[in-house]
Amino acid sequence: MKGYLKTTAGFVLSATMASVSHADVTIGELQGFTGPLESMIGAMSGGANLAVTEANASGNYLQGTINVVQGDSVCIDPAVAIAQAEKMINDDNVMAIMGPNCSGNTGAVITNVLVPNGIVSISPSATSPALTTLEDGGWFFRTAPSDARQGPVLASIAMSRGQTDMAVTHSNSDYGKGLADAFVTAYEAMGGTVTVMAGHDDDKADYSADVAALSAGGSATLAILGYADTGGRGIIAASEDTGAFSDYVFGDGMISAVTSGCCCRWIMGYFTFS
Amino acid sequence: MLSWIVGGLAAAGAAWWIGKITLSLRSDYLAIATLGISEIIIYVIKNEDWFVRGLKNVYGLQRPVPYEVDMQKSEWLQNIVAWIHKSELQFLSQSEQIDKLGDYVREASVVFVKLSYSGLFLVILVAFIVLSNLALNSPWGRKVRAIRDNEVAASAMGKNITRQHLQIFVIGSAIVGIAGALLVTYDGIFIPTAYQPLRFTFLIWVMVIVGGSGNNLGSVLGAFIMWFIWIQSGPIGLWVVEMLGNYVQEGNTSLEFIEDRVHYLRLIFMGSIMLLIMRFSPGGILPEKNKEL
């Protein structure tokens, strides 16, 4: 116990000493490189690193060079995300963190790491409305809009395109369910009709039963509010195989090379919102 | 903290019902039946929104230890920290002193909270180890091992096998229930979709096997080792690729290929470490000791 205290104190001391000199600045990139968002992470990580490369190349950054330390948050394992964030702060001495991705992880990292240590972070993809009211002490920012906003905007786009009735399927997760609730409430308030609303589980081999249940409502439009890598792709494939739906509405979790690839091949009338 | 006990009791209660239904089954069939029931429970909870919010996350759970932010504002911690770093602080100017002290107080509060958590969990862990070791060496423990080793013989000696199975199943579930409650307390958040089989069935199972099933300390050691690997395999992967980068020339395409996929090395490392341990010490790191009865 005492040894633990000593090493931790030693750690902390050396970390503080090192942070005094500002020759180099380190930023932590805490993203779900593995896990349900992995195909979207490539673009997010690329974006972050492009900004860092440009800032370094311009030579206008006054603090010196920016280094990036990467860490895998596994996206849905808060214990790992907390451990990685703490490692970044104590070991790598980061001054800010980019990430984490999934909303649950983000909430855990905010309360357990960011606020206590006073480290600022910005998440590219945490969209849960709950993060707006979470006690973050001003240390947390995000670039993706809250689902409480995305839902109504997506609904008004759908209405403006004349999609007055549709089936809605959401990923069985906090993200999918929260977004679907926000979307359906707004959509029905605008006069739209939701024929069927059902969740789908991610990582299933076959979605034809889900698609059959969704198309039983009779609408030709399907809103998929889920993950492009897992359930969303399967739903599209099953729907295209059976010809159940001809028109789609996607939430922001559906943006990926995978969906645009399959959509270009199979689907004519689709749009995404981000 | 009450929730930990409730968690244990709830798990024990569920286990009693499940045990009553399934424990007449044997080995493989038992595993399949319990897996099936656990899936049913998960599906029901997922789809019933009124009950524990269904799929939605629960943020900002109460915690048994003080919040770091409150501690940073508390005077006693500031005084202690100022006293510890007195020799260093006295040479600085007023404003530097305040800055520095702020840093130290922040770190001290984080360390304090981590220490309180580890203290709290250590007490529970030690209590469980002591209890299970006592149980293992008691007449009850001998009975349990006899049933495991030879059910027919134990039954011939007049032991009620089904009753024992149910009892052990319920006790084990209660311990897991308490552990789950501890985990959620530590995370400060409850994420229904995060509890995936890979992480919460497979990894825990591996902890037991690697540490040595049949040895209480082995399971604890296995848990520490596997958790360390689970957390550190990412950084190890990054480090290995960095080292490789020193030995091959710039622009080597196969290295670039690996660099793009460096985060997936994590899973490969997990697997290979497990294979190595299984290959060279099949009984786990601390195998079961065979005691003369």
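Which residues form a disulfide, and how far apart are their sulfur atoms? I looked this up at the start, keeping in mind that the model is predicted. C75(A) and C102(A) form the disulfide, with sulfur atoms 2.2 Å apart. The count over all chains comes to one disulfide.

**Entry: the disulfide**

I then placed the two cysteines. The pair links distant parts of the chain, 27 residues apart: C75(A) is in the loop between β2 (65–72) and α3 (78–90) of chain A, and C102(A) is in the loop between β3 (96–98) and α4 (103–117) of chain A. I noted that both C75(A) and C102(A) are buried. I also checked the handedness. The torsion about the S-S bond of C75(A) and C102(A) is about 90 degrees, so the disulfide is right-handed.

**Entry: backbone in the loops around it**

I went through the backbone of these loops next. V74(A) lies in the loop between β2 and α3 of chain A. V74(A) is not a glycine, yet its phi is positive, about 60 degrees. V74(A) counts as buried because its relative accessibility is 10%, and the cut-off for buried is under 20%.

In the loop between β3 and α4 of chain A I found P100(A). The peptide bond leading from G99(A) to P100(A) is cis, with omega near -10 degrees.

N93(A) is in the loop between α3 and β3 of chain A. I recorded a positive phi for N93(A), near 60 degrees, again in a residue other than glycine. At 25% relative accessibility, N93(A) counts as partly exposed.

**Entry: chain A overall**

The chain has ten helices and ten strands. Of its 274 residues, 54% are buried. Among contacts in chain A with a separation of 6 or more, 68% are between residues 24 or more positions apart.

What does A81(A) touch, not counting residues up to four places away in sequence? I listed L30(A), S73(A), N105(A) and V109(A). A81(A) is in helix α3 of chain A, and it is buried, with a relative accessible area of 0%. I also took the C-alpha distance from A81(A) to G71(A), ten residues apart along the chain, and got 8.5 Å.

L179(A) I found in helix α7 (residues 174–189) of chain A. Its relative accessible area is 0%, and L179(A) is buried. Leaving aside neighbours within four places in sequence, L179(A) is in contact with D147(A), Q150(A), G151(A), L225(A) and G251(A). The C-alpha atoms of L179(A) and M95(A) are separated by 32 Å, at 84 residues apart along the chain.

**Entry: aromatic rings in chain B**

I moved on to the rings. Over all chains, the structure holds seven aromatic pairs. One of them is W16(B) with W17(B), edge-to-face, 5.3 Å centre to centre and 80 degrees between the planes. W16(B) is partly exposed at 38% relative accessibility, whereas W17(B) is exposed, with a relative accessible area of 58%.

I then looked at Y117(B) and Y186(B). Their ring centres are 5.1 Å apart and their planes are at 80 degrees, so this pair is edge-to-face. The pair links distant parts of the chain, 69 residues apart, with Y117(B) in helix α6 (residues 94–137) of chain B and Y186(B) in helix α9 (residues 161–187) of chain B. Y117(B) is buried at a relative accessible area of 4%; Y186(B), at 22% relative accessibility, counts as partly exposed. Together with F121(B), Y117(B) and Y186(B) form one aromatic cluster.

The charged end of R279(B) sits over the ring of F280(B), 5.0 Å from its centre.

**Entry: helix α7 of chain B**

Which residues are buried in helix α7 (residues 139–149) of chain B? I noted G141(B), V144(B), R145(B) and I147(B). They cover an arc of only 155 degrees around the axis, which puts them on the same side of α7(B). P139(B) and D149(B), on the other side of α7(B), are exposed. As for packing partners, the buried residues of α7(B) pack against α6, α8 (151–156) and α9 of chain B.

Definitions and conventions: Residues numbered from 1 in each chain as written. Chains lettered and ligands numbered in written order. Predicted model: local features only at pLDDT ≥ 70, side-chain atom pairs only at ≥ 80, totals over all residues. Heavy atoms only, no water. Helix = DSSP H or I, 4+ residues; strand = E, 2+ residues; numbered from the N terminus. Buried < 20%, exposed > 50% of the residue type's maximum accessible area, 1.4 Å probe, protein only. Contact = heavy atoms within 4.5 Å. Disulfide = S-S within 2.5 Å. Phe/Tyr/Trp six-rings, centres within 6.5 Å; stacked < 30°, edge-to-face > 60°. Lys NZ or Arg CZ within 6 Å of the ring centre and 35° of its normal. Arc of directions from axis to C-beta.
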